[in-house]
Amino acid sequence: MLSGGRGPAIRVRPDNRAAILLLMHVPNERDVWVLHGPAVAERPVVLDSPHSGWHMPADFGSVRTAAELRDGEDCFIDELYAPASASGVPLLAAQFPRTYLDPNRHAGDVDLELLAGAWPHEHVPSGKARIGKSLIWRTLDDGRPIYDRRLSVAEVLHRIEHYHRPYHRQLRALLDAAHARHGVVFHINCHSMNAVSGTMGEGGAGIARADIVLGDRDGTTCAPAFTSFVRDFLAARGYEVKVNDPFKGVELVRAYADPAAGRHSLQLEVNKRLYMDNTSLTRTEGYARLQQALMELIAAIGERKEGSAR
Ligand SMILES: [Zn+2]
């Protein structure tokens, strides 16, 4: 699976922006997201993997190669969690790369420095533009620029309309369906992180990450008891688990969470060194062990009763 998508990026000179407009088209749904498992969760658990996609849209117009644009990818995360779908737990997986558009940002989190014109819509800055990682990334993790041009407002709107909106719409539908059926839903927003932070990493460069980092935006996106349950479950299997340090969770755990109404969202970051070689982008021996621990975790979450989340 990882052998694909490594061709050269389509390069468009700044004086040839018309080429971008010609390449912009409505993508096939399967190039935007894939759903593993049922649309109505058989257990009160919904998973989403927003950063494991690597299908490069033709209108990317980056100066980087496709391999370089996989820099921000949470490699294998969709495959790692996919077995959960066999037990009736839906897994939504984005197919486009995070460097093209990050669905884990508010649609209004536009990097104004990257824009060729004035932004005509609501601007909702998260502060991530500072590290080049707002809705549309400006730089790779090592600080190299992704474009040699500014993006037109039409290009940014195209990405929001055809990638951000459909992904969010589908996640919302899965969460609503699970909540309607079970009266409660536990949403795990699935990610992975580099073993050591890069130049543009959260908290600065050269910081070694824990095995697992849970993010509930300082206790606001799920019941604190749910975060504790996940932390204790993974710690009991020998993993070093941190909470909200340094990743607190961003838009996907914020957008649809309402703990008081039984809608719990938790971000779960696993360290890439637990399951893959970050140079060859291949799985390592640790993959199977991590997958088993995560599947046991999801089964245990699925058996929780609503009251126990409080
Ligand atoms: Zn991620």
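**Close-up views of strand S3 and its neighbours**

**View 1. The pairing of strand S2 with strand S3.** Ser49 stands opposite Ala93 in S3, as seen in this predicted model. Ser49 belongs to strand S2, which covers residues 45–49 and runs parallel to S3, the two strands being joined by three bridges.

**View 2. The pairing of strand S1 with strand S3.** Strand S1, made up of residues 33–36, pairs with S3 in the antiparallel sense, and four bridges connect the two. One of the residues to look for here is His36, whose bridge partner in S3 is Leu91.

**View 3. The two faces of strand S3.** In a regular strand, side chains alternate between the two faces of the sheet. Strand S3 spans residues 91–94, with Leu91 and Ala93 on one side and Leu92 and Ala94 on the other, and because all four are buried, both of its faces are covered.

**View 4. The whole protein chain, for orientation.** The protein chain contains seven helices and nine strands. Its radius of gyration is 19 Å, close to the 19 Å that the globule rule gives for 310 residues, so the chain is as compact as a globular protein of that length. The C-alpha trace spans about 60 × 40 × 30 Å along its principal axes, and buried residues account for 44% of the 310 residues. Of the contacts between residues at least 6 apart in sequence, 78% join residues at least 24 apart.

Conventions. Residues numbered from 1 in each chain as written. Predicted model: local features only at pLDDT ≥ 70, side-chain atom pairs only at ≥ 80, totals over all residues. Buried ≥ 20, exposed ≤ 12 C-beta atoms within 10 Å, placed from the backbone. Pairing = 2+ DSSP bridges. Rg over C-alpha atoms; globule rule 2.2 N^0.38 Å. Contact = placed C-beta atoms within 7 Å.
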